[in-house]
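Please examine the sequence and the model shown here.

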Amino acid sequence: MPHTAPPPAVPAGRAARVGRWVAVGREAVGALVALALSVIALRHVIATPRVALLWYDGDSVLLPLVRRSLDAGQPFEWAMSPALFFFPELPVYLLCSVVTATPQQALALNGVLVFLALYALLRAATNELMPSARRAARIAVSCSALGFVTLLVLTESTVTATSLELASLLLTTTYYYGAVLALLATAVLVLRAVRTGSASVAVLVTLGLVAALTTMSNPLYVPWSAGPAILTLVLLAVARRVPWRPTLQIAATLTTASVVGYLLRIPLRPFVSLDPSTYVHPERMADTLAFFAALTDDRAGSAAGDAGLLLLFIGVLLSVGGTVWAWRVRTSRTVLVAAALPLVTVVAVSVGVLVAGSDTPRYLEPVVTAPLLALVAVAELTRSAVRRTRVHRPLRGIRTAFAIGAAGVLVAGIATAPGTVRAVADARYQPAACLDRWAAGRDVTGVGQFWTVRPLATYAAPNVELLQVRDTFATYPWLVDLGAYRGARPTFVVIGSGDVWTTAVEDSLGEPASIVHCTGFDVYDYAGTSGAARLRTLVVDSAAEIRRQRGF
């Protein structure tokens, strides 16, 4: 029988290089799938009435207004909400605005980056929860979790933020995506500490920075993330399912960092328009319960709404089922924490909103994102259970299904991308064009009410400046730069079709010199009349008093 020579051995160095390139290739495919999902979600939003919430809502245009104010060289004397948006929202948006030409483009890019950051955090979570799984499996689970969020976005299309359409809020810049990402980042760091049995200095420092900076910018971090994380670990430590050492390390770090974050808010107090405590009204608990029951009923009024509610229910079910499963099989403590933490978070946030008597649905946003950790935990529980049965053929079937799914997402993303890019590049706020034509060749300043004037102030030409006022023409210090009112000389009033004026504008300021009719609003021009002087006194003097009270 002829002798067959064995195949030549592959040098170890070459094999390592090949392995690294294969790993990079797989990670690149995962990132491309995540990008495709981001584009699909963005395309859906800009193709539906929900685009107004992304680009033209009074809250959503805050950061574009900050950029416009900075470009105009105005003093940075902003009156924010309790959420300051200083970390990470403002720096991220400013970077996006540098590489784009319009606020719509910057907001769209920011939304895509948020989805990619969400994928990166989910990918980090799979590394902690599935250390023995193949890289391809961890990538597939991360993409599946992001796909879950994208499916939720595809069920949301209304124009209002006061609904249970929560997933698409992640694409906006002012509905607390920073606190959401911090929630997931905190969870990943907690899982790392629990998995190793003792938090390293790097983990504790990173966790402390995330907690302190996020709390400084948005105090929602404490009830959304720090509180549930501490409570979960303490409960599991008491039950002897998690060691006390990482529990105490994490609890001490989160508590200290949260306190530091609140202390950092003290010098930033001039920027805060309302104290967070003003949002707590326990006496309204019954009204809040009725309010959210009505929102749920309204959401269930369509097939898409039913699908969205079903997906939310599946997320909660994964949290409950994953916790019970992980507890019963006495699996790894990281999987148990990853399943229990979303459950505690969902319960804590839901009870917190009810006890606070809040009628703001976006405070429930962790109900969308926290269960993604439970999804990863259940995936690991399933993988471990299947491996113990030594049934490998179904695993090959699952791999094939994932490959087909990824290919489908990539094809859909590629098909969607050109139209999405064109829609974003060509987006214009048409009502502002009418105002620009009227003011062509002049530097003019006017006033108007919140919902009407803010998108106009964002998208009007640089020669048009708009100041935000109440129906009494007193300055309305909410999400505006009070520095813009210094020395202002307003000469016209923008009156939106939906505005409510307690006293007619003409009764307050007299007959205007002219009235210009635009789609959705009218321009009352008081230039050269006695009304202009009265308007300036009412607006500028009230702004000066507010700046004095704030310490600017």
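Arg192 is partly exposed, with a relative accessible area of 35%; in the terms used here, buried means under 20% relative accessible area, exposed means over 50%, and partly exposed lies in between, as computed with a 1.4 Å probe on protein chains only. The model is predicted, so local features need pLDDT of at least 70 and side-chain atom pairs count only at pLDDT 80 or more, while totals for chains, interfaces and linings use all residues. Residues are numbered from 1 along each chain as its sequence is written, and side-chain values use heavy atoms, with hydrogens and water left out.

Arg192 forms a salt bridge with Glu128, and the closest N and O atoms of the pair are 2.7 Å apart. A salt bridge is defined as a side-chain nitrogen of Lys or Arg within 4 Å of a carboxyl oxygen of Asp or Glu. Because Arg192 lies in helix 7 (residues 177-196) and Glu128 in helix 5, the pair ties together parts that are 64 residues apart in sequence. Helices (H or I, at least four residues) and strands (E, at least two) are DSSP runs, numbered from the N terminus. In contrast to the partly exposed Arg192, Glu128 is buried, with a relative accessible area of 3%.

A search of the whole structure finds eleven salt bridges. One of them pairs Glu27 with Arg123, where the closest N and O atoms are 2.6 Å apart. This pair links distant parts of the chain, with Glu27 in helix 1 (residues 12-46) and Arg123 in helix 5 (residues 103-129), 96 residues apart. Glu27 counts as partly exposed at 23% relative accessibility, whereas Arg123 is buried at 8%. Salt bridges that share partners join Glu27, Arg123 and Arg135 into one network.

A further salt bridge lies within a single helix. Arg67 pairs with Asp71, the closest N and O atoms being 3.0 Å apart. The two residues are four apart in helix 3 (residues 62-71), and therefore Arg67 and Asp71 are separated by about one helical turn. Arg67 is partly exposed, at a relative accessible area of 25%, and Asp71 is exposed, at 54%.

The last element to consider is helix 6 (residues 135-154), which has 20 residues. From its first C-alpha to its last, helix 6 reaches 29 Å, close to the 28 Å expected at 1.5 Å a residue; the expected span is 1.5 Å times one less than the number of residues. Because 14 of its 20 residues are buried, helix 6 is largely enclosed by the rest of the structure.
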